Amino acid sequence: MRRILFLGFLLLLTGVFPLLHAQVGVRLEFPRNEFLTYETIPAEVTLHNNSAETVTLRGTEMNRWLNFRIRDNHDNIIARAGDFREDKDLVLEPGQQAARIINLTRLYGLRRPGRYSVRAEVTANNTTVSPSKFIFIEEGIPLRRLKLHYKDTETGKNDVTDVTLIEYPKTGEPRLYLRMESDTRNAVLCNISLMPLLMKETIQTQVDGESNLHILFRTGPRAFGYVAFDCQGRPIALDLYTNTNSNPSLKVTENREVLVEGGTLLPKEKNDPIPASRNPQIIRPEAKKPKN
């Protein structure tokens with residue numbers, strides 16, 4: 001009898017019993033482990049069906065098959081603040097692999113600097129978890145602040161967008177980030193990594209007559225980046241210039257248009273596109289709610 005019990009115990013330890021969590025492998029990865037506050041944090045979850053049977057991952061609105069368990073450096077669980085639009089039913093044939101990329105910034109209350117442990121949890125009849133990964137959320141160096149005043153087309157009321165240009169990371173090869181916030185909506189409209197930043201002293205900003213923000217800055221020894229965004233955080237222009245013959249600069253016309261004067265515009269195929277890191281309407285939970 002003891003021998004049988006001991007054999008069963010060994011089988012449990014070695015995973016011989018056909019448990020569900022042995023059928024589906026779960027792996028969690030991040031492109032890097034350091035992120036700027038409010039920056040997109042893409043979590044890639046890779047699933048592999050290790051069994052000889054078809055596995056169907058199906059959830060409900062209350063119980064989804066894909067979740068994340070996130071803890072801060074005080075071991076507090078970070079609550080979910082949004083919904084998984086990407087979390088659809090998934091069918092894995094034997095040996096099949098599939099991946100999902102989820103923006104954790106939009107879905108969880110990752111709003112403060114610190115170290116966080118993250119693991120993915122996949123649930124069918126049982127729950128399978130990935131090994132934990134650590135990420136760090138940090139503040140950058142604010143370089144410039146300004147305000148965009150405009151009239152809201154929906155309400156007809158005057159409104160303001162707060163703009164911050166940020167250098168991040170603080171060490172290594174910094175990039176210029178653009179953060180645009182609305183106190184009226186208690187939201188971060190965008191938090192975008194623009195281009196590499198070579199010299200912060202070269203940053204030029206101008207606002208045109210339609211409250212669009214124009215930014216010009218040096219990205220390399222002879223290269224300059226030019227971007228423009230509307231007051232809602234939507235990109236409207238992106239170009240690269242060289243300083244052949246002269247350095248480019250921003251010029252405001254009598255009609256309050258903003259133009260790039262000087263330099264040489266590079267062809268579009270050589271332009272470095274802005275990474276897809278715009279966070280639509282990230283709510284700031286620590287801010288006060290707007291009055292109705």
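Is Glu 29 buried, partly exposed or exposed? At 34% relative accessibility, Glu 29 is partly exposed, where buried means under 20% relative accessible area, exposed over 50%, and partly exposed in between, using a 1.4 Å probe and protein chains only. This is a predicted model, in which local features need pLDDT of at least 70 and side-chain atom pairs count only at pLDDT 80 or more, while totals for chains, interfaces and linings use all residues. Residues are numbered from 1 along each chain as its sequence is written, and side-chain values use heavy atoms, with hydrogens and water left out.

**The whole chain**

Of the 292 residues, 42% count as buried.

**Salt bridges**

Next select Arg 32 and Glu 39. Their salt bridge has its closest N and O atoms 2.4 Å apart. Arg 32 is partly exposed, at 36%, whereas Glu 39 is buried, at 5%.

Then go to Arg 234 and Asp 230, which meet at 2.9 Å, N to O. Arg 234 is partly exposed at 43%, and Asp 230 is buried at 11%. Finally, select Arg 69, Arg 119 and Glu 121, which are linked in a network of salt bridges. The structure holds 10 salt bridges.

Select Leu 47, Phe 68, Ile 70, Leu 104 and Leu 110. Of the 30 residues in the largest nonpolar core, these touch the most other members. Such a core is a set of buried Ala, Val, Leu, Ile, Met, Phe, Trp, Tyr and Cys residues joined through side-chain atoms within 4.5 Å. Strand S8, residues 114-123, gives the most to this core, with 4 residues. Another core, of 23 residues, lies apart from it and includes Ile 192, Leu 194, Val 227 and Leu 238.

Return to Ile 70. Leaving aside neighbours within four places in sequence, its contacts (heavy atoms within 4.5 Å) include Asn 76, Leu 104, Tyr 108 and Tyr 116.

**Backbone details**

Most residues other than glycine have a negative phi, and most peptide bonds are trans. Select Tyr 38, in the loop between strand S2 (34-36) and strand S3 (42-49). Its phi is positive, near 75°, and Tyr 38 is buried at 6%. Asn 186, in the loop between S13 and strand S14 (187-196), also has a positive phi, about 55°. Asn 186 is buried at 7%.

Now select Tyr 168 and Pro 169. The peptide bond between them is cis, with omega near -5°. Pro 169 is in the loop between strand S12 (158-168) and strand S13 (175-182).

Which strands stand at the edges of the next sheet? The sheet is open and antiparallel, with 5 strands in the order S15-S16-S17-S18-S21; two strands pair if DSSP finds at least two bridges between them. Strand S15 (199-207) and strand S21 (264-265) are the edges, each with a single partner strand, so one side of each lacks a neighbour in the sheet. Strand S18 (residues 235-242) is joined to S21 by 2 bridges.

Notes:
A salt bridge is a side-chain nitrogen of Lys or Arg within 4 Å of a carboxyl oxygen of Asp or Glu.
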